[in-house]
Amino acid sequence: MTIHHDLSPTLNLIRLANGEGLDLPAYESKGAAGMDLRAAVADGEPLTLLPGKRALVPTGFIFEIPEGFEGQVRPRSGLAFKHGITCLNSPGTVDSDYRGEVKVLLANLGDDAFVIERGMRIGQMVIAPVTQARIAEITETSETARGAGGFGSTGV
Ligand SMILES: O=c1ccn([C@H]2C[C@H](O)[C@@H](COP(=O)(O)OP(=O)(O)OP(=O)(O)O)O2)c(=O)[nH]1
Ligand SMILES: [Mg+2]
């Protein structure tokens, strides 16, 4: 169902005890940019997210993101549109050297309580290339036409 090519990195996953029986994170359509992440809350113990509240929701997996890449944890637009559920820190950053469980920081910006059941697809992760820049402190910048103009300087 997915598009793999020679340059597709391999993503190694470790299933944790709370991830037993959960579907693997998966791309839900052929060209999906993100793999959906499922809630690893306990069976029969759904998590209720009240309006205005946030919760760190476990996914049940450790992701070994390949070096040179990051995982971007993003909201699902359907949950955002229908229920006001978003990722508070969007896009969340999963570093390639992180070896803990990936979690999704959900926030309820809607008007109603939202119930998160085990296995519910609560967010998505995009694997994207990253560059670490060399840092060099300098005393003068090069000149540009824009200069320090920003925040609407070219008009709205
Ligand atoms: O949505 C997220 C964001 C982060 N993380 C994990 C993976 C990431 O590598 C680590 C640290 O994230 P970040 O750098 O954004 O948080 P921090 O507040 O800077 O924490 P730290 O001091 O641990 O870097 O937390 C997640 O599981 N989900
Ligand atoms: Mg950090």
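This is a predicted model: local features need pLDDT of at least 70, side-chain atom pairs count only at pLDDT 80 or more; totals for chains, interfaces and linings use all residues.
A residue counts as near a molecule if one of its heavy atoms lies within 4 Å of it. Strands are DSSP runs of at least two residues, numbered from the N terminus.

## Around ligand 1

Which strands each supply at least two residues of the shell around ligand 1? They are strand E8, residues 92-94, and strand E9, residues 101-108. The shell is made up of Val73, Asn89, Gly92, Thr93, Val94, Asp95, Tyr98, Glu101, Val102 and Lys103. Sorted by class, 4 of these residues are nonpolar, 3 are polar and 3 are charged.

| Residue | Part of the residue | Atom of ligand 1 | Distance |
|---|---|---|---|
| Asn89 | polar side-chain atom | oxygen | 3.1 Å |
| Asp95 | side-chain N or O atom | oxygen | 2.5 Å |
| Lys103 | backbone N or O atom | nitrogen | 2.7 Å |

How much of ligand 1 does the protein cover? On its own, ligand 1 has 570 Å² of accessible area, and the protein covers 49% of that.

## Two backbone details

The peptide bond from Ser90 to Pro91 is cis. Its omega is near -10°. Pro91 sits in the loop between strand E7, residues 85-87, and strand E8. Strand E8 also contributes to the ligand shell.

Phe151 is not a glycine, yet its phi is positive, at about 55°. This residue belongs to the segment after strand E11, which spans residues 121-129. Is Phe151 buried or exposed? The cut-off for exposed is over 50% relative accessible area. Phe151 has 92% relative accessibility, so it counts as exposed.

## Salt bridges

The model has 5 salt bridges. Start with Arg38 and Glu28. Their closest N and O atoms are 3.9 Å apart. Arg38 lies in strand E3, residues 35-38, while Glu28 lies in the loop between strand E2, residues 26-27, and E3; the pair therefore ties together parts that are 10 residues apart in sequence. Arg38 counts as buried, at 18% relative accessibility. Glu28, at 37%, counts as partly exposed. Asp23 joins Glu28 and Arg38 in a network of salt bridges.

Now turn to Asp36. Which residue forms a salt bridge with Asp36 at 3.8 Å? Arg76 does, and that value separates the closest N and O atoms. This pair links distant parts of the chain, 40 residues apart. Arg76 is in the loop between strand E6, residues 69-74, and helix H1, residues 77-83, whereas Asp36 is in strand E3.

Arg121 also forms a salt bridge with Asp36, with the closest N and O atoms 2.8 Å apart. Here the partners are 85 residues apart: Arg121 in strand E11 and Asp36 in strand E3.

Asp36 has 8% relative accessibility, so it counts as buried. Arg76, at 22%, counts as partly exposed. Arg121 counts as partly exposed too, at 27%.

## The annotated region

UniProt, in an unreviewed entry, places the feature "domain: dUTPase-like" at residues 23-155. Over residues 23-155, the chain is 5% helix and 39% strand.

Notes. Residues are numbered from 1 along each chain as its sequence is written. Chains are lettered from A and ligands numbered from 1 in the order in which they are written. Side-chain values use heavy atoms; hydrogens and water are left out. A polar contact is a pair of N or O atoms within 3.5 Å; within protein, one must be able to donate a hydrogen and the other to accept it, and residues adjacent in sequence count only if both atoms are side-chain atoms. Accessible areas come from the Shrake-Rupley method with a 1.4 Å probe; for residues, only the protein chains shown count as cover. Helices (H or I, at least four residues) and strands (E, at least two) are DSSP runs, numbered from the N terminus. Ala, Val, Leu, Ile, Met, Phe, Trp, Tyr, Cys and Pro count as nonpolar, Asp, Glu, Lys and Arg as charged, and the others, Gly among them, as polar. Buried means under 20% relative accessible area, exposed over 50%, partly exposed in between (1.4 Å probe, protein chains only). UniProt positions are given in the numbering used here, feature names are shortened, and annotations may be inferred rather than shown by experiment. A salt bridge is a side-chain nitrogen of Lys or Arg within 4 Å of a carboxyl oxygen of Asp or Glu.
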